[in-house]
Amino acid sequence: MPLFIRHLPKDDTKRLNFTGFVMVAAVSFCIVSSLQPRQATASSPDAPGGSSAPVPLEAEEEPTRGSVVNIIVIGGTGDLSTRYLWQGFFNLINEEKNQAFHLYAGSRMLQEDGEKEMKLILERNVSCSKVPASVAMTPEECERAKEVYKEKVTYHMLKKPEDYVVLCSNIQHTMRSVGLKEAGRIFYFSVPAFAYEGIAENINKVCRPAGDAWLRAVLEKPFGHDTASAKKLSSALKEHLAENEIYRIDHYLGKTGVQSILPFRALNEKNYGGIWNSENIERVEIVMKESLDSKGRIYFYDKYGVMRDVMQNHLTEIMALVAMEIPSNLSSIHDYQREKLALLSQVDHVTAEQAAIGQYESYVDEWREEMDKGEDDTSSVPTFAGVLFFVSSPRWKDVPFLMLSGKKLDEKQTYVRIVFKNSHFCTVTPNYAEGDHACRQKQIIFFIGSGNHPTIAVSRALRKPQVPKSWSIPDLDPDTNILGSPVKDFYAYSAGVELDAYSVLIKECYHGNRDKFIGSSELVASWDIWTPLLRALEDVPPMRYPGGKETGRWLDMEIQGRRLRSCHKNDRTWNIEDSNRFGMPSISGIPDTFRSNNLYTGSKEDTVSLLAKHLLVATQSAISSHGAFHVAFPGGNTPEMLFLHLFLRMRHTFPWRETHVWLTDERCVPLDSELSNFNVIYSKLLRYIPIPYTNIHPMPVQLAHGLCNLKDGGPELYSAEIKRLIPDQRFDFVVLGVGEDGHVASLFPHHEILVDKTNFVLFSDGAVQSSSPRRMTLGYSTINNSRNVAILITGERKRFLVEKLKQTHFKNATEFPVLGVAPNNGTLSWFIDHDALV
Ligand SMILES: O=P(O)(O)OC[C@H]1O[C@@H](O)[C@H](O)[C@@H](O)[C@@H]1O
């Protein structure tokens with residue numbers, strides 16, 4: 001039975017003695033058919049603040065006494081609601097004592113289960129210790145308030161459109177039965193974004209408040225995964241909700257430390273306004289380090305990665321607050337949004353050279369476990385990124401903004417640091433005890449309150465700042481250091497209280513303060529910054545880092561002009577090379593040598609991904625010189641991961657339309673047999689990519705007279721096809737695996753065809769196992785005529801083989817056919833993973 005909660009003025013509360021609330025029972029009721037959908041417009045009378053005129057930063061309107069605000073949490077039994085939202089609403093109703101609230105939880109759980117679940121959630125997750133100190137309540141009063149709150153949240157199963165009809169008729173009926181007018185309705189969408197549109201439609205159709213009551217829909221990120229999807233989502237929502245009814249929440253904007261940035265800048269305009277520019281600032285660092293991994297939420301995380309998860313939103317918002325012009329009227333949402341948008345639109349295009357990405361080592365195992373994937377499957381989603389931004393305004397000309405975030409790092413810490421230039425040189429060692437700080441680094445640091453208490457630290461070499469009254473000097477141990485500098489170098493101030501960000505934003509939403517939420521133009525402007533970079537990095541493999549404290553210096557970076565480079569020299573997969581200049585992915589990795597040729601190594605994933613990069617880079621010169629890229633792939637288990645990588649990571653970026661796929665060898669079996677090499681390539685790669693049918697060249701092993709019948713002349717046919725289609729009969733790329741016996745393609749040890757140096761394609765009968773069928777293979781003449789040959793060896797089982805190959809004096813190709821691979825006028829590279837090499 002729905003109930004409502006209303007706080008009374010203090011004297012009434014005393015009179016009530018026990019609860020602090022008035023509780024009125026209401027009777028469930030049937031459908032209210034008068035609720036009509038309406039066209040959402042910016043000037044909808046249902047949406048206060050809907051005019052295009054500037055809206056003050058303060059409340060759009062004060063809640064009406066004797067009115068009720070209905071709060072509906074959709075996804076009310078989910079993780080976010082459990083951890084933050086129910087506490088946030090508890091805090092709100094305790095802070096807003098003059099306002100009556102009705103609370104509803106909705107989820108897809110069956111009615112009875114949902115009701116039980118909600119009771120548990122409220123019992124376990126709402127705590128008096130998290131109520132802001134500003135709420136005047138004794139602990140006993142709070143405990144009693146909590147008891148009442150627990151009973152009063154009404155649960156509704158929300159699965160089908162009809163469920164919204166029932167919910168909303170109940171809301172309506174409850175208000176009518178207690179005789180209160182509705183001030184407004186907050187719908188909190190704590191559900192995945194794909195559900196937003198359907199919910200918004202249901203609300204618009206049957207759940208809008210009547211009369212002049214307002215409606216606010218609070219939406220959690222992610223709002224899309226790039227510009228196009230963000231725009232699509234926004235326009236889908238606008239079919240049902242006006243822009244000023246949409247409150248896109250970014251919880252970082254509710255953090256005390258983040259909220260302090262702009263007011264601090266405004267308060268200290270006299271002190272630092274004159275030096276807040278490129279003449280005085282060396283660089284700005286925006287850092288969000290997390291020590292936790294992604295376990296438990298990989299299903300979500302793997303679709304987004306660190307840049308979409310926290311950098312496009314939280315950190316870009318922080319960058320805007322630091323770099324935007326201070327709005328002339330701080331309390332005008334219009335001025336604020338104008339300046340923020342101006343800044344975002346001045347951020348220069350970011351290229352792959354300005355970014356470095358990483359993935360903690362255990363991520364793939366966690367991913368396999370949570371996504372139920374096999375050993376050969378892999379994910380290259382970045383869990384770490386460093387990105388260098390530049391802003392093309394006179395104020396920020398050439399000032400690097402280094403933004404960085406990562407999971408499973410050494411600590412949890414989030415800050416913005418403004419590092420000033422310092423031309424001061426001290427000939428005599430300065431006496432810091434006497435306040436001589438001129439030679440020390442000049443910096444202003446905002447610790448924004450994630451992993452640390454919100455604190456502002458300003459170097460004593462700068463002017464003493466002004467801070468709001470509620471900020472005070474913290475009692476810090478004199479041996480403490482602040483990002484490596486002794487604490488005595490700073491004026492430091494800490495926020496009096498740190499409020500929970502969700503509670504703060506719930507309150508801001510109740511008051512209609514839309515400047516604390518993300519408008520659709522800002523959202524698109526931010527995605528416009530990130531989308532080209534995300535695309536450019538799509539095929540760049542992340543560097544694997546150990547994770548936790550062991551990460552040590554692995555992720556150190558250096559700003560070189562407009563490029564960001566890894567300082568980790570041993571790393572083979574993270575090295576931004578010049579190939580990026582051509583818009584190509586980096587062929588990263590400083591090769592070592594193996595039998596006097598280039599060696600690329602790393603984990604199996606990294607090795608395969610490097611080979612994929614090499615293939616992609618080779619397509620460019622091939623296509624520009626003869627309009628096509630001809631590659632021959634082998635069969636066997638080893639290349640399966642390569643096929644998977646090409647499919648997963650390069651489906652859209654590899655020039656498949658210009659690519660011709662050939663085979664290095666084939667068994668004499670039907671092409672749909674499990675033993676067929678073609679079948680492997682087809683089922684792992686070709687069927688998924690946009691390659692023209694006519695560019696696929698299986699070996700002709702099954703012709704008129706059956707399988708590999710000499711009378712059909714299969715090898716000659718394949719040779720003729722090669723001669724017809726490939727200029728100079730030179731393959732652009734041949735990928736080879738190596739058998740444990742040293743065979744490549746179907747060139748087996750001690751076989752007579754090994755001495756054949758003229759035929760392009762041959763039958764190969766003498767496979768080691770007598771049971772194996774006859775095969776067809778490219779001969780040495782074709783392989784060694786190629787522009788690039790890559791030999792891929794992975795897995796412990798190949799260690800013995802690699803040990804043998806390490807003996808450079810060993811050159812017997814009859815015994816070890818791989819040793820006969822020596823391109824006449826091309827490049828030979830070895831791709832050997834750590835398991836096989838070490
Ligand atoms: O700094 P906070 O408040 O702990 O928030 C960090 C979290 O922010 C969320 O938005 C991200 O999805 C998480 O991946 C991240 O851990």
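This is a predicted model: local features need pLDDT of at least 70, side-chain atom pairs count only at pLDDT 80 or more; totals for chains, interfaces and linings use all residues.
Student: How is a pair of aromatic rings described?

Tutor: By two values, the distance of the centres and the angle of the planes.

Student: How many aromatic pairs does the structure hold?

Tutor: There are 28 aromatic pairs. One of them joins Y247 and F517, with 4.9 Å centre to centre and 70° between the planes. Planes over 60 degrees apart count as edge-to-face, so this pair of Y247 and F517 is edge-to-face.

Student: Where in the chain do Y247 and F517 lie?

Tutor: Y247 is in strand 8 (residues 246–249), and F517 is in the loop between helix 14 (501–510) and helix 15 (520–537). The pair therefore ties together parts that are 270 residues apart in sequence.

Student: Is Y247 buried or exposed?

Tutor: Y247 counts as buried, at 0% relative accessibility. F517 is buried too, with a relative accessible area of 2%.

Student: Which kind of pair do Y600 and F831 form?

Tutor: Y600 and F831 are stacked, with 20° between the planes and 5.1 Å centre to centre. Y600 belongs to strand 23 (residues 597–600) and F831 to strand 34 (residues 827–832), so the pair links distant parts of the chain, 231 residues apart. Y600 is buried at 7% relative accessibility, and F831 is buried at 0%.

Student: Which residues do ring pairs link into a cluster?

Tutor: Y301, Y360, Y363, F384 and Y545 form such a cluster.

Student: Which charged end sits over the ring of Y247?

Tutor: That of R514, 5.6 Å from the ring centre. In another case, R774 lies over the face of F763, at 4.9 Å from the ring centre.

Definitions and conventions. Residues are numbered from 1 along each chain as its sequence is written. Side-chain values use heavy atoms; hydrogens and water are left out. Rings of Phe, Tyr and Trp (its six-membered ring) pair if their centres lie within 6.5 Å; planes under 30 degrees apart count as stacked, over 60 as edge-to-face and the rest as tilted. Helices (H or I, at least four residues) and strands (E, at least two) are DSSP runs, numbered from the N terminus. Buried means under 20% relative accessible area, exposed over 50%, partly exposed in between (1.4 Å probe, protein chains only). A charge sits over a ring if NZ of Lys or CZ of Arg is within 6 Å of the ring centre and within 35 degrees of the ring normal.
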